[in-house]
Amino acid sequence: MMNRTLYSILLYLAVPFIWLRLQFRARQAPAYRQRIAERFALKKLAFKPGGIWLHAVSVGESIAAAPVIKQLQQLYPQLPITLTCMTPTGSERIQALFGDSVQHCYLPYDLPCAAKRFLNQVQPKLAIVMETELWPNHIHQCYLRSIPVVLANARLSERSAKGYAKFQRLTAPMLAELSGIAVQSQAEAERFLQLGAQPAAVQVTGSIKFDLSVAPELLQSAAQLADTWHLASRFVWVAGSTHAGEDELILQAHQQLLQQVPEALLILVPRHPERFNQVAQLIEQQGLRSMRRSQQRALQAADQVLLGDSMGELMLWYAVADAAFVGGTWVDNGGHNFLEPAALAKPIAAGPSRFNFLEIAEQLQQAGALTLVSTPSALAEQLLGWQQSEALRQQQGQAGIKVLQQNQGALAQLIGLLQLQLEKAESSSV
């Protein structure tokens with residue numbers, strides 16, 4: 001059984017391989033070669049210390065964290081907020097969402113020395129970790145400094161819990177050092193408790209992703225784009241956040257749909273930017289006429305596929321579309337955020353792999369807002385049904401809106417928990 005000391009030794013031994021992995025990833029995404037010093041806390045940060053530190057591992061967590069950060073900025077305008085992530089795409093999203101209103105860097109790897117250097121510079125009063133990005137040494141160093149750590153919008157699938165249980169001597173002390181765990185469901189609360197979390201720290205708040213709000217500006221941009229590209233007469237569907245192995249299946253479904261609906265348009269949005277060129281080649285190999293968003297030209301009537309090779313526009317594509325397929329569900333990835341298309345009243349299709357959002361998916365499915373499809377033919381058939389019936393699209397879209405409305409309120413509960421922890425931290429430091 002691995003404890004934290006053995007874990008740290010293994011992590012130090014892995015440093016050369018971590019560096020090589022960064023170089024390898026940089027071959028497809030050059031940004032991985034930049035700012036490496038931040039990943040080991042070797043760069044002196046020109047940050048104002050003493051505020052709130054929030055960690056969001058990548059794009060999805062950064063988007064989920066946005067309403068939390070905005071409320072904290074309103075409640076505590078005097079406190080600097082330091083926002084960390086692990087990926088270049090997450091970094092780009094953070095800078096696009098918040099600009100200079102937050103302090104931003106990569107979170108250093110979970111080496112004890114790096115964790116110490118990072119906290120010496122940032123000196124937060126409160127640490128917030130989005131969802132389930134758990135790093136034993138960072139959490140332990142916060143515990144030693146009496147910095148409360150809150151796991152926000154926490155989720156823990158049965159599969160992940162089994163993985164953590166294999167390292168009980170590492171996991172249990174780490175969870176016991178958390179001051180607060182705001183979990184999305186009672187089932188996940190039980191899993192955290194079984195792994196060693198303190199009962200007083202665990203609170204079921206629901207998912208803050210249900211508190212998603214759609215900006216009027218987004219709807220205006222979508223309407224303007226649809227008008228400019230003459231989309232009113234076309235059936236438009238989005239395949240969002242797709243992974244390797246899914247794009248071929250998506251394109252097969254679109255080919256079948258085109259046989260019945262020649263004017264149909266697919267907006268294909270890969271999850272990772274380093275795959276944009278690869279997916280563009282797949283589209284070309286299929287003989288489909290396509291346009292890349294990065295080309296910055298107007299969509300033509302002859303274009304059958306729009307490749308969404310841009311960052312931060314997935315919600316725009318959902319708003320433009322008539323229906324959506326959520327990626328990461330035709331591969332063993334567990335799916336992505338079903339609530340984004342639901343918030344825009346779009347009927348949703350997905351594959352069978354949805355363990356990352358299992359309860360959300362089940363609620364949407366039971367309400368009739370989400371349809372599960374296992375094959376390209378089944379997806380094509382579902383898309384054809386939606387194309388032929390606007391009433392069906394509206395019915396399923398409104399069912400998704402209702403699920404959102406029935407589950408809202410998690411954000412307010414989470415903010416209350418964060419305020420309580422911050423008050424305790426400030427009172428203990430006096």
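Reply: This is a predicted model. The largest cavity in it has a volume of about 60 Å³. As for the general idea, rolling a probe the size of a water molecule over the atoms shows where empty space is left.

Me: How many cavities of 30 Å³ or more does a search of the whole structure find?

Reply: The search finds 2 of them. The second largest cavity has a volume of about 30 Å³.

Me: Which residues line the largest cavity?

Reply: Its lining is made of W53, H55, L107, V129, E133, W135, H138, I139, C142 and V149. At least two lining residues come from each of β1 and α7, and α7 gives the most, with 3 residues. By class, the lining of the largest cavity has 7 nonpolar residues, 2 polar and 1 charged.

Me: What lines the second largest cavity?

Reply: The residues there are E38, A41, K43, L45, C105, Y106, P108, F118 and Q121. The lining of the second largest cavity divides into 6 nonpolar, 1 polar and 2 charged residues.

Me: Where is A41 placed, relative to α3 and β1?

Reply: A41 is in the loop between α3 (36–39) and β1 (52–55). Its relative accessibility is 8%, so A41 counts as buried, the cut-off being under 20%. A41 is also one of the residues lining the second largest cavity.

Me: What should I look for in the backbone angle phi?

Reply: Most residues other than glycine have a negative phi. A41 has a positive phi, near 55°. Q123 is not a glycine either, and its phi is positive at about 45°.

Me: Is Q123 buried or partly exposed?

Reply: Q123 has a relative accessible area of 46%, so it is partly exposed. The residue is in the loop between α6 (112–122) and β4 (126–130).

Me: Next, side-chain contacts. With which residues is H140 in contact, leaving aside its neighbours within four places in sequence?

Reply: H140 is in contact with R4 and E177. With R4 there is a polar contact between the two side chains, at 3.0 Å.

Me: Where does H140 sit, and why is it called buried?

Reply: H140 is in helix α7 (residues 136–144). The residue is called buried because its relative accessible area is 14%. Helix α7 is also the element that gives the most to the lining of the largest cavity.

Technical notes: Residues are numbered from 1 along each chain as its sequence is written. This is a predicted model: local features need pLDDT of at least 70, side-chain atom pairs count only at pLDDT 80 or more; totals for chains, interfaces and linings use all residues. Side-chain values use heavy atoms; hydrogens and water are left out. Helices (H or I, at least four residues) and strands (E, at least two) are DSSP runs, numbered from the N terminus. Buried means under 20% relative accessible area, exposed over 50%, partly exposed in between (1.4 Å probe, protein chains only). A polar contact is a pair of N or O atoms within 3.5 Å; within protein, one must be able to donate a hydrogen and the other to accept it, and residues adjacent in sequence count only if both atoms are side-chain atoms. Contact means heavy atoms within 4.5 Å. On a 1 Å grid over the protein atoms alone, a cavity is a set of points where a 1.4 Å probe fits but cannot get out, and a pocket is an open set with protein on both sides within 12 Å along at least five of seven lines; lining residues have an atom within 4 Å of a point. Grid points are joined across faces, edges and corners, and a volume is the space filled by probe spheres set on the points. Ala, Val, Leu, Ile, Met, Phe, Trp, Tyr, Cys and Pro count as nonpolar, Asp, Glu, Lys and Arg as charged, and the others, Gly among them, as polar.
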